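Please look over the sequence and the structure below. The paragraphs that follow lead through some of their parts, beginning with a single residue and moving on to helices, sheets and cores.

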Amino acid sequence: MKLKDKLSVLGIAFAVQISGFAQTGNHSAIATSHPEAKKAASGILAQGGNAVDAGVAALLTLAVAQTGSVGVAGYGGSLIIYSAKDKKVYAVDFDTKLPENYDLNNFNEKDATIGYKAVSVPGVVSGLYTALKNHGTLSWKQVSQHAYNLAENGIVVDERLHRSLTGFTQIADAVSLKAYLPAGLPEVGSIWKQKDLAKVIKAIGEKGPDAFYKGKLAKKIAKHVQANGGYLSEKDLNTYQAQELEPIKISYRGYEIYAPPVPSAGITSLSILKTLENFNLQKVRPFSAEYFNLFAQASKLTWQERFRFLGDPDFVNVPTQELLSDKAGKERAEKILHDDVVPLNAGVSDPLHTTNVVVIDKAQNIISITATQGNGYGSGVVVPGTGLVFGHGLSRFDYKPGAPNYPAPGKRVQHNMTPTLVLYNGEPYAGLGLPGGRYIVTVTSQLLIDILDYHLSPKQAIEAPRIHNEGDDTVKIFGEVSDADIKDLELKGFKIDKVRGLGGPANIAVIDRKTGKIDAASQAGDAGVEIK
């Protein structure tokens with residue numbers, strides 16, 4: 001019996017009908033993790049800037065307001081854009097690279113986490129500048145003004161920022177600590193100014209990314225890192241360039257879903273969906289043991305493919321089209337139906353320190369940006385006189401020899417960031433993204449199922465239960481899941497770990513297909529959301 005016939009016997013369908021798409025409406029939405037980022041994006045939209053301008057403004061502001069999660073010298077990220085003018089989707093990869101002169105013989109895995117050896121080539125400035133140059137309408141000076149003002153004039157230290165900075169004091173060396181917090185740890189309620197960082201932001205506004213990657217600043221960065229045992233060189237900085245790439249794409253129940261290509265993690269999120277497309281999830285009770293079992297089995301299979309295949313495609317062969325194909329999805333579904341999913345020892349999940357911004361403007365341009373330091377404050381290294389905290393992309397390599405994500409000089413790291421866009425009949429429908437280490441990969445798929453299969457609102461989707469699996473028999477569960485469903489999952493062989501959260505603050509914005517109005521929500525709360 002063919003797979004399609006087997007699924008029909010089980011009452012499982014291959015497709016659902018979707019109503020027509022709405023005409024463009026005069027609406028906009030911002031979803032971020034911080035009110036200052038919302039202010040920055042809102043101000044740019046009010047000036048007539050588009051979603052790309054606003055998204056870059058918000059992300060730069062987060063690099064000042066949430067310095068532990070992302071920074072101007074953060075290790076990198078990826079973003080995805082729908083251009084209303086071109087009616088096309090674009091992706092920008094600004095992933096970090098291993099320094100060219102890195103000595104893997106004089107290195108251990110611990111060196112990848114904290115300190116000067118952990119400093120990899122920073123990609124955030126080049127990535128944001130590339131998006132702005134190619135798809136924005138305003139200058140860096142204009143979109144960075146709010147971030148500059150916040151760094152120059154100071155930000156109020158709330159309890160969250162105080163806890164974050166306290167964490168920095170526990171990993172930074174004496175030089176970095178003095179460079180970043182010359183007056184010591186600021187108290188809750190005080191104003192914290194980052195004047196050195198403000199100078200860097202201003203210089204980039206006046207001279208472009210060369211002010212960061214070339215000239216005096218690049219020399220200063222490289223000299224300081226190398227003087228303390230690190231490998232980042234002036235050449236590494238001089239030659240770094242973010243790349244605009246063709247996004248990956250799948251069809252899912254009539255929708256088109258886009259994500260940045262490898263080494264971003266969207267290929268795994270979309271592969272999960274291609275597997276579950278073979279099951280009619282609308283006939284499965286949401287967040288039941290039956291649903292979570294299907295999802296976990298699909299996740300097991302696709303995570304095993306991640307560990308087997310994914311790495312920098314400039315160094316390893318990644319069979320992207322094969323993994324995203326209908327054939328691969330059906331073959332995984334066949335294994336699930338035959339209870340033929342073998343677990344894998346997947347290791348430990350990454351910590352949760354990253355950030356995301358989603359913006360839709362009145363023309364229905366959409367941007368979703370995800371960027372990171374790595375773990376909180378990355379390497380913990382600050383170059384004196386710059387205010388720059390450097391990320392540690394090296395922590396995301398796989399240090400098992402022969403792994404596709406094994407480090408090599410100049411190689412980009414395989415990471416977890418998965419900003420995502422959804423279109424229907426070529427028209428924009430939704431943008432979403434979130435921080436959260438490896439949790440990003442599975443939560444992205446679940447958020448898409450929430451809004452596309454179960455038709456939840458953005459707020460309902462970000463509040464819905466979630467699970468996470470990385471190829472083994474352990475399932476982390478977050479949210480209100482009944483004891484009966486948990487027991488049922490245990491009877492299916494899963495080891496259940498109930499957790500207080502899965503993934504960081506998710507952002508979702510959805511355009512109503514009938515009215516053109518936009519609904520948006522952030523898991524960080526309403527303070528980071530604006531809908532007009």
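Thr-96 sits in the loop that links β3 (88-94) to α4 (124-135). The model is a predicted one. Is Thr-96 buried or exposed? Its relative accessible area is 1%, so Thr-96 counts as buried, the cut-off for that word being under 20%. The side chain of Thr-96 makes a polar contact of 2.8 Å with the side chain of Ser-120. With neighbours within four places in sequence left aside, the residues in contact with Thr-96 are Tyr-75, Ser-120, Val-121, Pro-122, Gly-393, Lys-411, Arg-412 and Val-413.

Helix α4 holds a further residue to look at, Ser-126. Ser-126 has a relative accessible area of 4% and is therefore buried. Leaving aside neighbours within four places in sequence, Ser-126 is in contact with Tyr-213, Tyr-240, Gln-241 and Ala-242.

Lys-193 gives another case. This residue is found in the loop between β5 (191-192) and α9 (195-207). With a relative accessible area of 46%, Lys-193 is partly exposed. Lys-193 and Asn-105 are 88 residues apart along the chain, and their C-alpha atoms are separated by 41 Å.

Next comes a helix. Helix α3 covers residues 51-65, which makes 15 residues. From its first C-alpha to its last, α3 reaches 20 Å, close to the 21 Å expected at 1.5 Å a residue. At the start of this helix, a side-chain oxygen of Asn-50 comes to within 3.1 Å of the backbone nitrogen of Val-52. How many of the residues of α3 are buried? The count is 15 of 15, and the helix is mostly covered. An α-helix has 3.6 residues a turn, so residues three or four places apart point the same way.

The largest nonpolar core has 77 residues, and those that touch the most other members are Leu-59, Val-72, Phe-94, Tyr-180, Phe-212, Ile-221 and Leu-388. Helix α3 gives the most to this core, with 12 residues. Val-72 touches Ala-63, Val-124, Val-125, Leu-197, Ile-201, Ile-204, Phe-212 and Leu-388, not counting residues up to four places away in sequence. Apart from this core lies another, of 73 residues, which includes Ile-257, Ile-267, Leu-281 and Val-413.

Now turn to the sheets. Strands of a sheet pair through backbone hydrogen bonds, either parallel or antiparallel. Leu-421 has Gly-431 in β14 as its bridge partner.

Another open sheet is formed by 3 strands in the order β15-β16-β17, with mixed pairing. Which strands stand at the edges? They are β15 and β17; each has a single partner strand, so one side of each is left without a neighbour in the sheet. The twist here averages 25° from one strand to the next.

β15 (residues 466-468) and β16 run antiparallel, joined by 3 bridges, and Ile-467 has Ile-477 in β16 as its bridge partner. The hairpin of β15 and β16 has 5 residues between the strands, and there Gly-471 takes a positive phi near 105°. On the other pairing, β16 and β17 (residues 495-498) are parallel over 4 bridges, with Thr-474 opposite Lys-495 in β17. Strand β16 (residues 474-478) is largely enclosed by the rest of the structure, because 4 of its 5 residues are buried.

Helices also lie across this sheet. Helix α14 (residues 289-309) lies across β15 and β16 at about 35° to β15. Helix α17 lies across β15 and β16 as well, at about 140° to β15.

Definitions and conventions. Residues numbered from 1 in each chain as written. Predicted model: local features only at pLDDT ≥ 70, side-chain atom pairs only at ≥ 80, totals over all residues. Heavy atoms only, no water. Helix = DSSP H or I, 4+ residues; strand = E, 2+ residues; numbered from the N terminus. Expected span 1.5 Å × (residues − 1). Buried < 20%, exposed > 50% of the residue type's maximum accessible area, 1.4 Å probe, protein only. Polar contact = N/O pair within 3.5 Å; in protein donor to acceptor, adjacent residues only side chain to side chain. Pairing = 2+ DSSP bridges. Contact = heavy atoms within 4.5 Å. Core = buried A, V, L, I, M, F, W, Y, C linked by side-chain atoms within 4.5 Å. Axes fitted to C-alpha atoms, helices over the stretch in contact; angles between N-to-C directions.
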